[in-house]
Every structure is written in structure tokens, then in C-alpha cells.
Amino acid sequence: MTIPRLELCACLLSKLTRKVVSALKMQIESVQLWSDSTIALAWINTPPNQLKTFVGNRVSQIQQLFKDFQWKHISSDVNPADVLSRGQDVKELAANDWWWKGPDLQNMAV
């Protein structure tokens, strides 16, 4: 499987977000989901019938699950989800503000 397809599958795993929002029993005005994969984001914004079967099926699910959510791009170098894959150990992770609070999006061009 290619990296872009794996990234798309990771976007589909975000369906946990829908369960969390539902379980909170609060009025949530907006939800933003982030990916560092420009290819996956482009697929998500494409009609599923224009894509190959594997990608189209997942895009269709993503579009149905997250129709009220916004997908945005985050640069790989500030993506907190990539911290562990870069070899940070437990002590470094515990002290990593990105992991606990996310990057400073106010100073990013998104």
C-alpha cells in the first residue's frame, strides 16, 4: 500500500472524533481535522466517483462522516502526530508542548 493511501486510511480513523463529539453532549460549533498529507486532503475534496475504487470508497466514507467538519493542512514539521515517529523518547514526549497543546496555529499560515 502506498503512503498516500495509508494517510487516507488515517483520516478515516478520525471517525473517533465523531464519537467523542457525540459523547461530550455539548454544543460544538466547529471541528477542525488536520492532516499533513496534501494528497489525502485533495482526495477528500474530490467526488468519490472520480477516484479509483479503494480511494473512492474511503473518500465517500470520510465525506459522509465528516460533512460538518473542516479538513485543514498542517505542515509535517509542526505536526504533533509525527512526534513519536521521529524517535522521541518518553521523557522528551512528556516535556513536548506540541504533543499536549498542539502547535501555535496563530503564527502559522494554514
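Predicted model: local features only at pLDDT ≥ 70, side-chain atom pairs only at ≥ 80, totals over all residues.
Residues are numbered from 1 along each chain as its sequence is written, and side-chain values use heavy atoms, with hydrogens and water left out.

The salt bridge is formed by Arg86 with Asp82, whose closest N and O atoms are 3.6 Å apart. Arg86 has a relative accessible area of 47% and is therefore partly exposed, whereas Asp82, with a relative accessible area of 18%, is buried; here buried means under 20% relative accessible area, exposed over 50%, and partly exposed in between, computed with a 1.4 Å probe on protein chains only.

Ser14 lies in the loop between α1 (3-12) and α2 (15-24), where helices are DSSP runs of H or I with at least four residues, numbered from the N terminus. Ser14 counts as buried because its relative accessibility is 19%. When residues up to four places away in sequence are not counted, Ser14 touches Leu33, Phe66 and Trp71, a contact being heavy atoms within 4.5 Å.

Ala95 is placed in the loop between α5 (90-94) and α6 (97-101), and Ala95 counts as exposed because its relative accessibility is 59%. Between the C-alpha atoms of Ala95 and Gln70, which are 25 residues apart along the chain, the separation is 29 Å.

Terms used:
Helix = DSSP H or I, 4+ residues; strand = E, 2+ residues; numbered from the N terminus. Salt bridge = Lys/Arg side-chain N within 4 Å of Asp/Glu carboxyl O.
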